[in-house]
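Here is a briefing on a structure for a reader who is meeting it for the first time. Please look over the sequence and the structure, and then read the notes below.

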Amino acid sequence: MGKYIDLRCDFGFKYCMSDPIVMRSFLNAILEGDEDTITSVNFETVEIPRESVEQRGVIFDLLCTTDKGDTILIEMQNSHQKYFKTRANFYVYNLLRKKIGRGVKWDKMECDISKIIGIFILSDKFEEFHKVITRTAECDLDEGDLFWDRHRKYFVYLHDFVMDENNITTKNIWINCFKNLGKMDKIHSSVMERADEGLKRLLEKANIAALTEEERDYYEASMKRLEDEIDMEEHGF
């Protein structure tokens, strides 16, 4: 076991990323250039109950609302899942249904809904992804222009990420943390020179030595589940 928590396991992901300052840093890094700077986030309930016996309920990994009222879900996916793009849309459209509400009167709406953004961190190998970050939105097929800007999805593909020491940005540091933090025994000084408040807090929270005995037990159990999941994937179960 390394010095730092592995962010890919369920305990590590939720324990470290449920801090508003840590999450704000991550979101601003991933959404840089696409969204205005996020100044604060509030975490929301992660469950959308089903409305009838025929429907499926949804439980997200983490869900938050920004200072502008935009809804952002963050999912960690450690094992390959068939039709994952469809699953990602299922998550986004369930949030859309929740945001609009039942029986809404369109002509009574004073403004359009706030944005829904899905960020999906993919740890396993997915043949359908061919770059580290894939950004999708609803576009005009003929013109290629953005047709509707109320939802967007980001797929962060850890499998293809390699840290470039000549291009150490906050975004790359974050992606590297998700892929490799659990294997690290120390953090390079150049990373600390570039780290913002959220990244510094992440490294403090992710220090295994700072966990209570109970937290460490939860972490070890979560890592065991992750390792079993990875082992099953590698052997084709």
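The largest share of the lining of the second largest pocket, three residues, comes from α4, where helices (H or I, at least four residues) and strands (E, at least two) are DSSP runs, numbered from the N terminus. The model is predicted, and local features need pLDDT of at least 70, side-chain atom pairs count only at pLDDT 80 or more, while totals for chains, interfaces and linings use all residues. Residues are numbered from 1 along each chain as its sequence is written, and side-chain values use heavy atoms, with hydrogens and water left out.

**Second largest pocket**

- The second largest pocket has a volume of about 210 Å³; on a 1 Å grid over the protein atoms alone, a pocket is an open set of points where a 1.4 Å probe fits, with protein on both sides within 12 Å along at least five of seven lines, and lining residues have an atom within 4 Å of a point.
- Of the 14 residues that line the second largest pocket, M163, N176, M184, H188 and V191 are the closest to its centre.
- Both α4 (170–180) and α5 (189–194) supply at least two residues of this lining.
- By class, the lining of the second largest pocket has nine nonpolar, three polar and two charged residues, where Ala, Val, Leu, Ile, Met, Phe, Trp, Tyr, Cys and Pro count as nonpolar, Asp, Glu, Lys and Arg as charged, and the others, Gly among them, as polar.

**Largest pocket**

- The largest pocket has a volume of about 270 Å³, a volume being the space filled by probe spheres set on the grid points, which are joined across faces, edges and corners.
- Among the 19 residues that line the largest pocket, D10, D61, M76, N78 and E229 are the closest to its centre.
- At least two lining residues of the largest pocket come from each of α1 (10–17), β5 (71–77), α3 (84–100) and α7 (213–234), and α7 gives the most, with four residues.
- The lining of the largest pocket has seven nonpolar, four polar and eight charged residues.

**R24**

- R24 lies in helix α2 (residues 20–30), and R24 counts as partly exposed because its relative accessibility is 24%, the limits being under 20% relative accessible area for buried, over 50% for exposed and partly exposed in between (1.4 Å probe, protein chains only).
- Not counting residues up to four places away in sequence, R24 touches I38, T39, S40 and E197, contact meaning heavy atoms within 4.5 Å.
- The C-alpha atoms of R24 and G198 are separated by 7.0 Å, although the two residues are 174 residues apart along the chain.

**Y83**

- Y83 is placed in the loop between β5 and α3, and Y83 counts as exposed, at 59% relative accessibility.
- Y83 has a positive phi of about 60° although it is not a glycine.
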